[in-house]
Amino acid sequence: QITTLINHKDKPKRSDKTLQAIQRVGQAVNLAVGRFVTVGEAIANENHELKEEMSVACIEARRAGETIAQLTDVASLDHPESDSHITIFTDKTGVVKAARLLLSSVTKVLVLADRIVIKQIITSRNKVLATMEQLEKVSSFQEFVQIFSQFGNEMVEFAHLTGDRQNDLKDEKKKARMAASRAVLEKCTMMLLTASKTCLRHPDCESARINKDGVFHRMRLALEQVIEIVTDSRQNGENEMAPISIYSGIKEFKNKVEGLRENLYFLSKENLSTMLEVILEHTEDFTDSAYTSHEHREHILELSKQAKMELEQLVSVWMQAQNQKTKDLMEDLEVAILKTCQCMNELKREVHSAATSLAADLLKYHTDHMVLKALKITGVEGNLEAVAEYTCKLSEQKEQLVEMCRLLRHVSGTEPLEITCIHAEDTFQVTGPQIISAAETLALHPSSKIAKENLEVFCEAWESQLSDMSLLLREINDVFEGRRGEKRVYLSLPRPGKHNANLKALKPVKLDTEEQAKIAKLGLELHLLTSDVDSETEKWEDQENEIVQHGQGMSSMAYSMYLFTRGEGLLKTTQDLFHQAEIFATEGTKLASALHALSDQVHDDDKPLLVLEAEKLNSMCKELHITAKASAQGKSATFTKVDACILKTRNVMTLLCQLLPLCSKLLRKSKAGNGCLKPAPPWKEDRIRTGTNARTPERRVDTFGIKSLENHVTNMTFLESK
């Protein structure tokens with residue numbers, strides 16, 4: 001809006017339409033500033049330490065908004081050139097000054113508000129840490145129950161604050177790191193409960209103490225990482241993690257090589273040679289690995305040798321072209337560039353094949369979880385010798401999976417997936433020894449129910465991570481083959497299980513092979529629709545638009561539901577699917593609200609159609625929500641409910657495919673001047689964050705599993721009765 005005012009053309013003749021448009025824009029700016037300042041003032045009143053600074057910034061912003069409104073009050077003037085009234089036409093510098101003051105003060109308000117949010121998260125983290133210290137020192141079960149209830153409530157508060165922050169992050173790398181840390185905290189909350197109970201029941205058991213200490217240590221690291229992301233700092237000034245992957249190295253190398261077409265002098269041959277050396281050093285992770293096949297190892301070594309030769313030829317022609325820029329030399333240079341890039345593409349393809357084939361083989365081999373089952377059986381039998389034997393096998397399995405994650409990181413293709421690989425590697429690295437200590441505790445106390453439950457919890461975490469790896473592998477392959485862009489994954493979807501208070505009511509089940517076959521066609525249609533929605537959202541210039549973000553979130557959830565129809569992905573049971581359908585319906589309702597807001601702002605012939613479609617979407621989402629919440633008893637009824645949920649999801653996605661291009665067209669028309677925006681409606685009061693009341697669990701992406709945390713707290717009453 002401000003840019004429109006500053007850049008308007010000073011034409012000698014100004015039509016009434018132009019004058020009215022300028023006045024409308026000025027009023028819209030002033031109204032928006034007024035709403036913005038109202039929120040800023042509400043925040044200031046709740047945070048006395050920053051009240052003075054915030055109030056000053058709000059006053060400046062309000063004054064600037066009013067100045068802009070005055071300078072654009074030109075529609076009623078018969079003679080805009082008259083000296084009796086200063087306007088944008090007589091004093092354009094005044095508008096420029098007001099705009100600068102406005103942008104400066106608005107930025108100041110945002111920075112101050114951001115400081116408050118960061119402070120809230122740090123305060124919440126400190127409360128969690130303080131309660132964790134109390135939990136570590138408790139000696140009676142009754143005291144533990146009371147403190148853990150408090151700890152659970154504090155973790156739920158921390159979940160809400162960090163979840164909002166995660167959604168606000170623009171950097172996909174930070175967003176992925178935050179999601180990984182929050183997933184650790186969610187899983188560790190249950191581990192902390194059972195590990196602490198085991199330690200209280202068996203206070204003299206060394207393996208139980210080691211097991212508990214490991215959980216506390218991991219939670220503290222995850223809490224610290226959240227604060228590092230939020231405050232954008234790292235301890236002791238250390239650099240941000242991770243050596244470059246082979247993929248990112250090859251991508252940068254190819255960009256430099258192809259840049260020679262435009263400029264022969266922008267980098268040195270030493271620079272290019274160093275970049276290739278670094279890439280080839282990373283390929284040694286594959287050639288030195290005991291798990292890389294002989295065939296892959298030979299191919300990688302051959303391509304590495306060829307890459308050196310192609311670069312030597314390229315450098316030779318490049319140096320000649322710098323001295324003598326003839327047509328023949330430039331053609332030779334083009335050939336050398338193409339051959340070098342082709343060789344690097346083949347190397348990339350080979351390491352991708354090596355990593356993904358190893359991952360596929362390992363995940364298939366370990367799907368039966370035989371070692372975990374054996375540890376549980378031998379632990380209950382108190383067979384220390386057999387437990388020792390199987391812990392060795394688990395350690396070997398852990399080394400294989402850690403190596404798999406390291407190799408997958410090199411070929412992940414995107415930074416968020418690379419971070420997910422690092423998170424998976426850490427999870428296997430830490431969870432393996434924890435399973436071993438839990439198994440040793442059970443073998444020493446074979447009749448202990450709590451020791452048995454503790455081992456179950458750690459084994460479930462291992463199985464869950466293996467399941468997540470299957471989805472991660474599929475996404476890596478999809479990115480490599482260009483089938484899909486980066487999809488947001490629900491890393492820690494709340495899953496029904498034995499620790500939920502409503503266990504008897506849920507009875508989660510999986511689809512059998514016959515049911516999967518029946519629903520396959522519907523699932524495939526859903527898959528195709530997610531691709532169509534992704535294509536539509538990618539066309540939008542403004543990827544931060546609320547409509548786009550809701551559309552992307554719905555597409556991601558629909559894709560998870562499609563994977564369920566194939567027996568893959570993170571949705572393992574029908575209850576997982578129904579829960580996902582509820583969240584999908586909620587997201588659709590939010591999108592319908594965003595569409596209504598857009599219809600209020602746009603003057604266009606298509607407005608009635610947009611309102612009609614928004615109502616239609618709202619109605620369909622309500623139907624889906626009712627279907628997902630309805631009870632279903634028995635196998636046949638459950639399958640009917642699954643079929644209905646996916647059918648209704650498909651219908652919503654079909655409508656979404658029609659809505660996205662319509663909204664895009666309306667916004668383009670508005671920008672082009674064929675339509676004009678009305679002032680936005682006042683912010684809803686519930687958008688003003690006032691303490692915990694503003695922290696609603698219905699956020700765009702709830703990756704913390706807040707429901708499961710709240711269930712942990714609820715279950716404390718059952719623990720106390722035991």
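Select Ser289 and Glu403. Their side chains are joined by a polar contact of 3.0 Å. A polar contact is a pair of N or O atoms within 3.5 Å; within protein, one must be able to donate a hydrogen and the other to accept it, and residues adjacent in sequence count only if both atoms are side-chain atoms.

This is a predicted model, where local features need pLDDT of at least 70, side-chain atom pairs count only at pLDDT 80 or more, and totals for chains, interfaces and linings use all residues. Residues are numbered from 1 along each chain as its sequence is written, and side-chain values use heavy atoms, with hydrogens and water left out.

**Around Ser289**

Stay on Ser289. It sits in the loop between helix H9 (269-287) and H10. Helices (H or I, at least four residues) and strands (E, at least two) are DSSP runs, numbered from the N terminus. Is Ser289 buried or exposed? Ser289 counts as buried, because its relative accessibility is 2%. Buried means under 20% relative accessible area, exposed over 50%, partly exposed in between (1.4 Å probe, protein chains only). Now show the contacts of Ser289, leaving aside neighbours within four places in sequence: Glu284, Arg297, Glu403 and Leu407. Contact means heavy atoms within 4.5 Å.

**H10 against H11**

Next, select residues 294-323 for helix H10 and residues 327-365 for helix H11. Two packed helices are described by the angle between their axes and the distance between the axes. H10 and H11 pack at about 160°, with axes 9 Å apart. That makes H10 roughly antiparallel to H11. Axes are lines fitted to C-alpha atoms, for helices over the stretch in contact, and angles run from 0 to 180 degrees between N-to-C directions. Angles under 35 degrees count as roughly parallel, over 145 as roughly antiparallel, 65 to 115 as roughly perpendicular and the rest as oblique. The contact of H10 with H11 holds 18 nonpolar, eight polar and five charged residues. Here Ala, Val, Leu, Ile, Met, Phe, Trp, Tyr, Cys and Pro count as nonpolar, Asp, Glu, Lys and Arg as charged, and the others, Gly among them, as polar.

**H8 against H11**

By class, the contact of H8 with H11 has 10 nonpolar, three polar and three charged residues.

**Past the end of H11**

Move to His369, in the loop between H11 and H12. Its phi is positive, about 55°, although His369 is not a glycine. With a relative accessible area of 19%, His369 is buried. Then pick Thr378 in helix H12 (residues 370-381). Thr378 counts as buried, at 8% relative accessibility. Beyond neighbours within four places in sequence, Thr378 is in contact with Asn383, Ala386, Val387 and Tyr390.

**Ser207**

Jump to Ser207, in helix H7 (residues 206-231). Which side chain makes a polar contact with that of Ser207? Thr441, at 2.7 Å. Ser207 also counts as buried, at 8% relative accessibility.

**Zoom out**

Finally, show the whole chain. It has 23 helices and zero strands. Of its 722 residues, 51% count as buried.
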